Structure formats: C-alpha cells, structure tokens
Amino acid sequence: MTHCGRVHQLEALVAGEVPEGLAYELRSHAEHCARCRHELKWLETERQLARRRAGRDEVEHLWREALPERRGLKPMTRGLLGLAAVLLLVLNVGRVAVWAHGDGALGTTTDDEWSLQSFDVMSRFEPPTGDAACSRLQPGLAGFHCGSVPASFIASR
Amino acid sequence: MLRLLQRLEPITPDTPDDALVRRAQKGESAAFKALFERHVVAVRRFARDLLRDAQAADDATQETFTRAHVQLPKLTEAHRVKPWLLGIARNVAFEARRLHVHDELDDDAGVPDAVLPAPNPEAVLLDAELERQFADALTHLSPTRRAALLMRIDHGLSYDDIAAAFGWSIPTVKNEIHRARLALRVRLAPHLGAL
C-alpha cells in the first residue's frame, strides 16, 4: 500500500472539520485509494465506537451534591434554622403579649422568672370568688393561664 | 436595564455556550446549571475514562464543576467552555491519581506502525462485544495519551483546544493522538478480523 498525502485530511473529514466540497472530494478519492479507504474505515470505526459510549451515563445525582448546595445551606440545615426562627418568633410573641398586659418592664428573665411574672400579671385582676375567677380574666389571658393554674389559687391572690 | 432584560431572557437548548458563560459570570445560577446539564455527561465520561472508577469519576466531576464555578470569572474565551471543562477534569483526574501531565508519554512499546486489517464500520454498530473491547483497549493507553485521544474522538475537540488544554504544541498533540490510535488499533484488530 503506497503512502498517500491525503491520509491526514481524512481525520479532519471524519471529525466534520472540512467544508462540504472538500469532504466530497476526499470521499471520492478514498474510493479509489486503498490506503485512504483503509484509514477512513478505521477512523469511522473509532468514531462509531466512541459515539456508542456517549449518552449512557446517569449523572442526575451529581447536581444535588454540586455547587449550589455546597455553597449554600443544606436542606436539613435550612429546616433547622427555619424551626429555630419559628420558635423564637413564638417565644417573642408570647413575651410581648405578656409585656403588653403587664407593666411594660420587659427585662431579661430566666424561665423561672417568666412564671413569676405571669402570676403577677394574673394578680392584677383580683377575681372576687373561686370558680368564677377565670371568667373575670381578660379573654386573651384566660385560655393562656387557666388551664395550668387553679382558679381557686387565682382567687386567693 | 439591558442587563436585566438579558437575565430575564429564558435559557433554552439553543442558548449558546458563550451566552451562558457570560450570564453565569454575572451571577446567574440558572445559567451555570444549564452549563452543568449541557456538559456533565461528557465531563463525567471523560473522568471515568481516566480514572476507571465510577465513584471516583463522580467525585472528579463534582470537583471539576466546583473549580469551574470558582474560576468562571477568569474564563475569557467563553465559547471554549467545553475544552476548558475537560481540561479541568483532566487536572482533577490526574491529581486524584497523583499523576503528572507529562507522565508516561514514552509508552511506545508495542505500538507498531503496521498496516492492520480494515474494519467494517457498519458491522461495528451491531457488535456489543466490540464496545467492551474498545473500552478495554483504552485502558491500556497511558492516561495522558488516553485523555488526548478521547478529547479528539469522543468529545470532538480541535487540535488547538487539546494543545491548549495540555500545554503542548499542535505537532505534539497530533503525534500523541496518532500513537494512541495505533495502539488502540493493535488491540482492536483481532476482534475486527472477522468483520
């Protein structure tokens, strides 16, 4: 098989890098040139084999662990932070509600102090008698405290 | 205002790479995700071909896109994003295997410049076993040569792009790919003889 100067152009032909006119010329040449025909078959075989491997990978799972989550917060972290924010909000609403019906002094308190302040708030209403005590409380506070504090205790204050 | 309108422009499969790169460079995460979706299959396959391990390829792919995201502002030739990504993937894979770019360049043993029987490209399409043989033959190439060959025949990179990715001259790229092809053909020829 003699060496043909066009063999090296065939690689560009198979890669789709030659203009249409030259592509036609090269293919026509290869039909009559044993060396080029041989090379062209190999190049096309390689390309076919390479193409058959393409597009079979499963890669969807890679994005979930890729950049956006890596740079931001993970879903579980976001959930925990959200829960913490809701808890803080609930606590602060309760605290403001207590403050709004109290003397307005909303200093730093411990858990124990919170309960004492609650009783102080309750005592302001001076309910007259035992079982009717809760009915005398302001509507918003009645449900909040009467469930845990006996009406008789309130009455005794 | 023009920038805002550009960012509101929907991303479609026809949106060119360079437009996606420019939008991603301006901080549009959807554009970067589109680049990821467009190139992740090729990057992952390339990494797997170099590392020969699925889990390692997954890790290398993620690392490739992590680095790409960090280095994206430095990418000036936005239309060459695929060669750029494969170049990063090659670096990541070589680091993972503790190889260097110029390792194993001299594996010419057993690569005769001989005339081999011609295969039949149409028959190749019907032969599943040959695909396995092809994958096996690739593993016998040095990582560097394998990377260069696959960049060309699998991922369609130009010699210019491969030369840029490897820091080689174009004649070196052509020589390496030529030798890789010969080695590949020597291994495939026995399986193609009956075709």
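Me: Which helix gives the largest share of the lining of the largest cavity?
Reply: In this predicted model, the largest share of that lining comes from H3(A), which supplies three residues.

Me: And which helices supply at least two residues each to it?
Reply: Two helices of chain A, H1 (7-14) and H3 (34-53), each supply at least two residues of the lining of the largest cavity, and so does helix H8 (143-153) of chain B.

Me: Can you spell out which residues line the largest cavity?
Reply: From chain A the lining has A:Glu11, A:Val14, A:Ala15, A:Leu43, A:Glu46 and A:Arg47, while from chain B it has B:Arg152, B:Ile153 and B:Arg181. Sorted by class, the lining of the largest cavity holds five charged residues and four nonpolar ones, with no polar residues.

Me: What volume does the largest cavity have?
Reply: Its volume is about 60 Å³.

Me: OK, how many cavities of 30 Å³ or more are there?
Reply: The count comes to two cavities of 30 Å³ or more, and the second largest cavity holds about 40 Å³ of space.

Me: What lines the second largest cavity?
Reply: The second largest cavity is lined by B:Phe32, B:Leu35, B:Phe65, B:Ala68, B:Leu72, B:Val81, B:Trp84 and B:Leu85. By class, these lining residues are eight nonpolar, with no polar and no charged residues.

Me: Which helices are behind that lining, and which one gives the most?
Reply: In chain B, helix H3 (29-51), helix H4 (54-71) and helix H5 (81-96) each supply at least two residues of the lining of the second largest cavity, and H5(B) gives the most, with three residues.

Me: Switching topic, at what angle do H2 and H3 of chain B pack?
Reply: Helix H2 of chain B, residues 17-25, packs with H3(B) at an angle of about 140°, and the axes of the two helices are 8 Å apart. H2(B) is therefore oblique to H3(B).

Me: Is the crossing left-handed or right-handed?
Reply: H2(B) passes H3(B) in a left-handed crossing.

Me: Which residues make the contact there?
Reply: On the H2(B) side the contact is made by B:Asp17, B:Leu20, B:Val21, B:Arg23 and B:Ala24, and on the H3(B) side by B:Ala31, B:Phe32, B:Ala34, B:Leu35, B:Arg38 and B:His39. In terms of class, the contact of H2(B) with H3(B) has seven nonpolar residues, three charged ones and one polar one.

Definitions and conventions
Residues are numbered from 1 along each chain as its sequence is written. Chains are lettered from A and ligands numbered from 1 in the order in which they are written. This is a predicted model: local features need pLDDT of at least 70, side-chain atom pairs count only at pLDDT 80 or more; totals for chains, interfaces and linings use all residues. Side-chain values use heavy atoms; hydrogens and water are left out. On a 1 Å grid over the protein atoms alone, a cavity is a set of points where a 1.4 Å probe fits but cannot get out, and a pocket is an open set with protein on both sides within 12 Å along at least five of seven lines; lining residues have an atom within 4 Å of a point. Grid points are joined across faces, edges and corners, and a volume is the space filled by probe spheres set on the points. Helices (H or I, at least four residues) and strands (E, at least two) are DSSP runs, numbered from the N terminus. Ala, Val, Leu, Ile, Met, Phe, Trp, Tyr, Cys and Pro count as nonpolar, Asp, Glu, Lys and Arg as charged, and the others, Gly among them, as polar. Axes are lines fitted to C-alpha atoms, for helices over the stretch in contact, and angles run from 0 to 180 degrees between N-to-C directions. Angles under 35 degrees count as roughly parallel, over 145 as roughly antiparallel, 65 to 115 as roughly perpendicular and the rest as oblique. A crossing is left-handed if the near helix is turned anticlockwise from the far one by less than a right angle, and right-handed if clockwise. Contact means heavy atoms within 4.5 Å.
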